[in-house]
Amino acid sequence: MKTPPEVLVRRQAYYQANKERILANHRAPEYLAKAAAAAREARLLNPEKQRAANRKRRDKVKLEVLTHYGPGGVLGCSWPGCSITDVDCLTLDHVNNDGGWHRKNAPKKRRSRGGGAVLLGDY
Ligand SMILES: [Zn+2]
């Protein structure tokens with residue numbers, strides 16, 4: 001059900017008039033603890049909804065990352081001549097298949113990400 005516009009206007013006026021107090025209350029440790037507990041409870045009560053939200057967030061990040069590291073910043077496989085653009089078939093991997101070497105030898109801070117990413121069709 002959609003909230004009527006006059007109610008939205010009234011809420012907005014109330015918020016503007018009480019902004020400082022509302023924001024201070026929302027930063028209070030008791031409020032934050034209560035909100036975290038309520039969120040935890042909602043997650044436990046709706047596992048399907050939680051799974052769907054997690055999937056949606058992962059898919060969004062995957063698309064963003066694969067697009068960023070794709071050839072020319074476009075979603076697609078980096079193998080020469082390969083035209084796969086299906087996000088479900090693409091994954092990140094090391095350009096020279098040197099992930100193991102990199103894990104052993106790269107400076108600790110960069111171990112998890114260096115080596116040059118490439119997209120591969122994996123099925
Ligand atoms: Zn490919």
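A residue counts as buried if 20 or more other C-beta atoms lie within 10 Å of its own, with C-beta atoms placed from the backbone. Keep that handy for the views below.

View 1. Helices (H or I, at least four residues) and strands (E, at least two) are DSSP runs, numbered from the N terminus. Starting from the N terminus, the order goes α-α-α-β-α-β. The protein has 123 residues, and 4% of them are buried. Take contacts (C-beta atoms, placed from the backbone, within 7 Å): of those between residues at least 6 apart in sequence, 48% link residues at least 24 apart. Residue numbers start from 1 along each chain as its sequence is written. As this is a predicted model, local features need pLDDT of at least 70 and side-chain atom pairs count only at pLDDT 80 or more, while totals for chains, interfaces and linings use all residues.

**View 2. Helix 1, with its kink at Asn18.** This helix covers residues 5–27. A straight helix of 23 residues would span 33 Å at 1.5 Å a residue, yet helix 1 spans only 28 Å between its end C-alpha atoms. Expected spans here are 1.5 Å times one less than the number of residues. The kink is about 80 degrees, where a bend is the angle between axes fitted to the seven residues ending at a residue and the seven starting there. Zero of its residues are buried, so helix 1 lies largely in the open.

**View 3. Helix 2, residues 29–45.** The number buried is zero, so helix 2 lies largely in the open.

**View 4. Helix 3, residues 47–69.** From first C-alpha to last it reaches 33 Å, close to the 33 Å expected. Helix 3 is hardly covered, with one buried residue among its 23.

**View 5. Strand 2, residues 117–121, and the confidence scores.** pLDDT is the predictor's confidence in each residue, from 0 to 100. Strand 2 has the lowest mean among the elements (54), and helix 1 the highest (96). Where pLDDT is low, the predicted coordinates should not be read in detail.

Note on methods
Buried ≥ 20, exposed ≤ 12 C-beta atoms within 10 Å, placed from the backbone. Contact = placed C-beta atoms within 7 Å.
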